[in-house]
Number of protein chains: 2
Amino acid sequence: MVLGGGFGGLTFCQHFKHPNAHVTLIDRQNHHLFQPLLYQVATAGLSAPDIAQPIRRILHDRKDVLVVMDDVLDIRLGEQKVITENETLSYDYLVMALGGRTTYFGHPEWEQIAPGLKTLDDAVKIRRDILLAFEKAEVTEDPEERQRLMTIVVVGGGPTGVELAGAFAELARYVLFRDFKNIDSRRARIIVIEASSVVLSHLPPELALSGQRQLEKLGVEVRTNTRVTDIKAGCVETTSGTIYAANIIWAAGVGATPLTEKLGVPVDRAGRVKVLPDLSVPGFPNAFAVGDMASLVDKNGVLVPGVSPGAMQEARHVAKIIEDELDSPKATPSRQAFAYFDKGTMATIGRSAAVAKIKDLEISGFPAWLAWLAVHLIFLVGFRNKIAVLMQWFYSYLVYKRGSRIITGLSFQKVSKPQARTPEGINSGPRYAGVQK
Amino acid sequence: MVLGGGFGGLTFCQHFKHPNAHVTLIDRQNHHLFQPLLYQVATAGLSAPDIAQPIRRILHDRKDVLVVMDDVLDIRLGEQKVITENETLSYDYLVMALGGRTTYFGHPEWEQIAPGLKTLDDAVKIRRDILLAFEKAEVTEDPEERQRLMTIVVVGGGPTGVELAGAFAELARYVLFRDFKNIDSRRARIIVIEASSVVLSHLPPELALSGQRQLEKLGVEVRTNTRVTDIKAGCVETTSGTIYAANIIWAAGVGATPLTEKLGVPVDRAGRVKVLPDLSVPGFPNAFAVGDMASLVDKNGVLVPGVSPGAMQEARHVAKIIEDELDSPKATPSRQAFAYFDKGTMATIGRSAAVAKIKDLEISGFPAWLAWLAVHLIFLVGFRNKIAVLMQWFYSYLVYKRGSRIITGLSFQKVSKPQARTPEGINSGPRYAGVQK
């Protein structure tokens, strides 16, 4: 049984094949999400279906894989049972690939104010909140309030934070400014807060610095060596002062699903299962964990990073182990230890701006952006989406208009009223007198 | 001042131009919606941003038009004031184009169970509910419950109902059936309930009958001369029996916005303002109503139908009147009466299936479908969307896969649990034993 239809779970299903086996894949969503492009939905560059595919469709020619849309509530490794919202299932082998979630370092109350970016719904919510803030800024006459509405704080300068900040800056500077009459959206402030001394700290220092410069060239304020001390509605307190901002995005902490803590097996600080070198769970050789919910230093001494290639390589490794054991069920298991193969790492900052490290090659700027574009297109699952995304990118590149600036979901969630800081009635001026002679 | 950014309000803004005038356009959404294709979002054929455009973007080169995203709460014609959620505005001229809404003929309690299709959020909700029902059917072993989950009832056999039913039938028969292992989605029942003796009763009898036959060929059950007597969760009671269905879509009643009833002016049964021949509101020559919120028999004795060409023609008529009066403010107003020009009417039923009436020409089947495609592409607002929609249609046409079968919004609204009719534990069978040796 496979839990999770992300990169890990899906790769397992695609690679695992055995005549005697049936696979059940459980995911709480009906779609596989191309998470590396999720920030583009949040920043109105792509529409939600562009980066998602129904899991059923991806696996529709696999008669041996049953796809079930359900929520996993508990995993009982000792009893070989998985409890979901609708049923209790037993398994012979278990592959856990439930991914990560946003964590707030002991401040769960920040989640309501500073949403993270993990699901399509998160992305659509962020897009809606940011576009709504510009709508409110357009009709506010209090200059302080207007600036607050046009300020976006991104907490965390990792790849997600940098990609979000760069895309927000482009949205405000090149796309939205033509649409509004009363505000100059180019005056929007995008601020990245990073606790360490540089953004993109997983990259070599020179490359990270190049990334930071490219970000600043887009007008993003980067505050390094700065920690968030508190987050309240509309304001962030940091070690270098208070920032008033209508939108605060949390891109700082990623942890494993909370289910891991109930497993009764060793986990690391972020809640990831400390798996054995063969990726199995200590004490349960027929249960494996891969991707963001597993923590492993591989046989070459490399800590496997929480990126999609890591999850996919792990999934293939587990598929091989189970296939081998099903082929010779009586032999003593002598499983191979997993080795991570680093294909390189990259982060995009904006149009023609990116940094990439592929083996010993470090590139930045336009060539890095082209490399990023190529890699992401190649790996986008599904034919339609590849063309739709390519078209939308190409079109955005040419004319700098964004196609997906649509605010939806207003009826699901009541939009918060403008802040009390706006003086009453200030909005009714002669500008609003309608058709005037 | 213009209220509403639909076909009426937007057309007014695009056509009205006067050196001394400023226009304020108020809409509660940030986007103009291409409503004729909304059913395609509900049936997973298109994604939401494909058929919507930010109003700001459409009007971004009009310096004299201020776009405000706000909700109109009240209109005081006597005081020449409009009260919105955030402010009170006064006007010299008022163009009301707030459109229609779904009405339930005195049964507002049906709304929760049988959603209508008026907004993008409605469409996304319907899409989600229908895809979720198939997901549940896949894991249900009770055959009755499975059939209920795979039954969709469309109340109303007008153009919207017919288009929805045809698209649902295609979705179930040609698209979804490849994705599921346990259910045969081609056994889904799509039932259209129509009170009169034929669907598409606004068309000439022969054409309407042709439409009904095309619909039945797709496997849709059409129940004419049938009235809905009650709607409960999961079941519709009609004059020809009870139908158990997980999804019930209301495509029967369209009325004007409830604001019209507070205006204190004559309205028709559906709540539409009975406007004068020049489209002004009786007693208030500087206030006009156009589109779905106005009711008028034009100077040729034709009742202007509630379709987008009607709204657009009315909007242009009003723009001309106001421009003329601003040019010669002192002359006695002698306004032209509005005359509706009928360009024809069409309805699509499915891939290559449609009916159309253009002047005295009546066509059906593939040629009608081509005509429908051409007209809708020509009128789709905005370059990007036209190409995106064309591509998606063409792709669907070739391979019969739908690109937008993505369930989103689960976190906004808790999905209802499966009905109590499913016996407990019935879902845990040997099929679910996971990876089996």
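Axes here are lines fitted to C-alpha atoms, for helices over the stretch in contact, and the angles between N-to-C directions run from 0 to 180 degrees. This is a predicted model, in which local features need pLDDT of at least 70 and side-chain atom pairs count only at pLDDT 80 or more, while totals for chains, interfaces and linings use all residues. Residues are numbered from 1 along each chain as its sequence is written, chains are lettered from A in the order in which they are written, and side-chain values use heavy atoms, without hydrogens and water.

Helices (H or I, at least four residues) and strands (E, at least two) are DSSP runs, numbered from the N terminus. Helix α1 (residues 7–15) of chain A packs against helix α8 (residues 308–327) of chain A at an angle of about 40°, their axes being 8 Å apart.

Two strands pair if DSSP finds at least two bridges between them. Strand β21 (residues 284–289) of chain A pairs in the parallel sense with strand β9 (residues 94–96) of chain A over three bridges, and L94(A) has A287(A) as its bridge partner. With strand β20 (residues 280–281) of chain A, β21(A) pairs in the antiparallel sense over two bridges, where F284(A) is the bridge partner of V281(A). The hairpin of β20(A) and β21(A) has two residues between the strands, and G283(A) takes a positive phi near 90° there.

Finally, W372(A) lies in helix α9 (residues 366–379) of chain A. W372(A) has a relative accessible area of 2% and therefore counts as buried (under 20%; exposed is over 50%, partly exposed in between, with a 1.4 Å probe and protein chains only).
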